Amino acid sequence: MKKTAIFGALTVAGLMAGAAGAATLDDVKARGKLNCGVSTGLAGFSNPDANGNWEGFDVAVCRAVAAAVLGDPQAVEFVPTTGKTRFTALASGEIDMLARNTTWTLSRDADLKFTFVGVNYYDGQGFMVPKELGVSSAKELDGATVCIQTGTTTELNLADFFRKNNMSYEPVPIETNAEAQQQYLAGACDVYTTDASGLASTRATFEDPSAHAVLPEIISKEPLGPLVRHGDDEWGDITRWTLNALVAAEELGITSANVAEMAASAGDNPEINRLLGTEGNLGEMLGLEADWAVKAISAGGNYGEIFESNIGESTPIGLARGLNAQWTDGGLIYSPPFR
């Protein structure tokens with residue numbers, strides 16, 4: 001199916017869901033759990049462990065929202081989605097939010113009628129090849145077979161890159177990261193292309209990661225973040241400011257280890273007091289309890305803790321903070337003021 005056809009069909013669904021979805025907070029509270037769309041399995045980002053418990057960088061955002069709204073980070077139903085099914089799941093109301101390495105674009109805002117509530121990972125599209133191919137640059141890939149997930153921005157970026165460089169390629173369409181990994185390792189494609197973070201995640205699961213190289217070219221901007229349906233600004237505010245709370249907590253030195261102590265006795269930093277609910281009424285403005293942010297931060301830690309424990313340099317994924325460092329450390333991660 002052409003991507004434009006997918007977009008057109010979802011526009012109608014998005015409008016219908018937007019009109020009917022103006023009480024997501026009430027639905028979540030009545031249900032007693034948050035329905036959160038995630039990937040079908042991407043190590044470090046959203047993946048079930050051996051016992052079926054979901055964990056990862058994106059999963060942590062879902063748990064933080066559940067903690068802020070319901071007081072319980074475990075009150076989440078994780079719904080695996082593919083590149084194709086994720087938008088239908090959100091538009092139809094099957095899920096309350098999508099936290100699945102999804103790129104913020106104009107058409108997804110304006111045509112699909114979704115609201116991105118922020119960026120939790122600044123990324124870009126890259127290429128991975130077996131080292132035995134002897135390729136050192138993406139500009140040497142003329143005529144290559146390329147594994148590409150359908151229904152994604154990577155399809156369009158790939159076509160643009162090869163066209164601009166007067167090269168040809170043969171796409172090998174796949175729907176999930178697991179399928180891409182299987183096809184790539186089986187030699188069905190010379191190259192796997194997706195977000196660079198996804199390549200790092202995939203390579204980390206290989207028996208011999210060192211036999212595969214991520215090429216130096218980054219061919220796009222991929223601001224990844226959670227999203228909700230249009231038409232429910234209250235729910236959009238809750239998910240947006242929960243993400244912001246995790247970001248602000250890192251900047252302000254609030255961690256999972258000290259948040260309870262800091263909330264128990266108001267200090268001399270008014271922004272910390274407002275964030276933790278010991279001063280002002282920000283929780284009330286969101287329709288939540290005063291300590292909503294305390295619960296969100298307690299769920300899995302601040303943004304930095306979540307990054308380091310799931311995808312950071314000490315993990316098998318091995319990602320440096322780079323652009324995803326706090327703005328005070330030369331990165332792009334930044335929260336608007338809590339006031």
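In what order do the 5 strands of the open sheet lie? The order is β10-β9-β11-β8-β12, with mixed pairing. The views below come from a predicted model, in which local features need pLDDT of at least 70, side-chain atom pairs count only at pLDDT 80 or more, and totals for chains, interfaces and linings use all residues. Residues are numbered from 1 along each chain as its sequence is written, and side-chain values use heavy atoms, with hydrogens and water left out.

View 1. Strands (E, at least two residues) and helices (H or I, at least four) are DSSP runs, numbered from the N terminus. Two strands pair if DSSP finds at least two bridges between them. The sheet has 5 strands and mixed pairing. β10 (169–174) and β12 (212–214) are the edge strands; each has a single partner strand, so one side of each has no neighbour in the sheet. On average, neighbouring strands are turned by 30 degrees against each other, direction ignored.

**View 2. The β8 and β12 pair.** β8 spans residues 125–130 and pairs with β12 in the antiparallel sense, over 3 bridges. Pro130 has His212 in β12 as its bridge partner.

**View 3. Two helices across the sheet.** Contact means heavy atoms within 4.5 Å. Axes are lines fitted to C-alpha atoms, for helices over the stretch in contact; angles run from 0 to 180 degrees between N-to-C directions. Helix α6 (residues 153–164) lies across β8, β9 (144–149), β10 and β11 (191–195). α6 runs at about 80 degrees to β8. Helix α8 (residues 196–204) lies across β8, β11 and β12. α8 runs at about 125 degrees to β11.

**View 4. Arg31 with Asp96.** A salt bridge puts a side-chain nitrogen of Lys or Arg within 4 Å of a carboxyl oxygen of Asp or Glu. The count by this rule is 5 salt bridges. In one of them, the closest N and O atoms of Arg31 and Asp96 are 2.7 Å apart. Arg31 sits in helix α2 (residues 24–31), Asp96 in the loop between α4 (85–91) and β5 (97–98); the two are 65 residues apart. Buried means under 20% relative accessible area, exposed over 50%, partly exposed in between (1.4 Å probe, protein chains only). Arg31 is partly exposed at 32%, whereas Asp96 is buried at 2%.

**View 5. Asp237 with Arg240.** Their side chains form a salt bridge (3.1 Å, N to O). Both residues lie in helix α9 (residues 233–252), 3 residues apart, about one turn of the helix. Asp237 is partly exposed, at 32%; Arg240 is partly exposed, at 23%.
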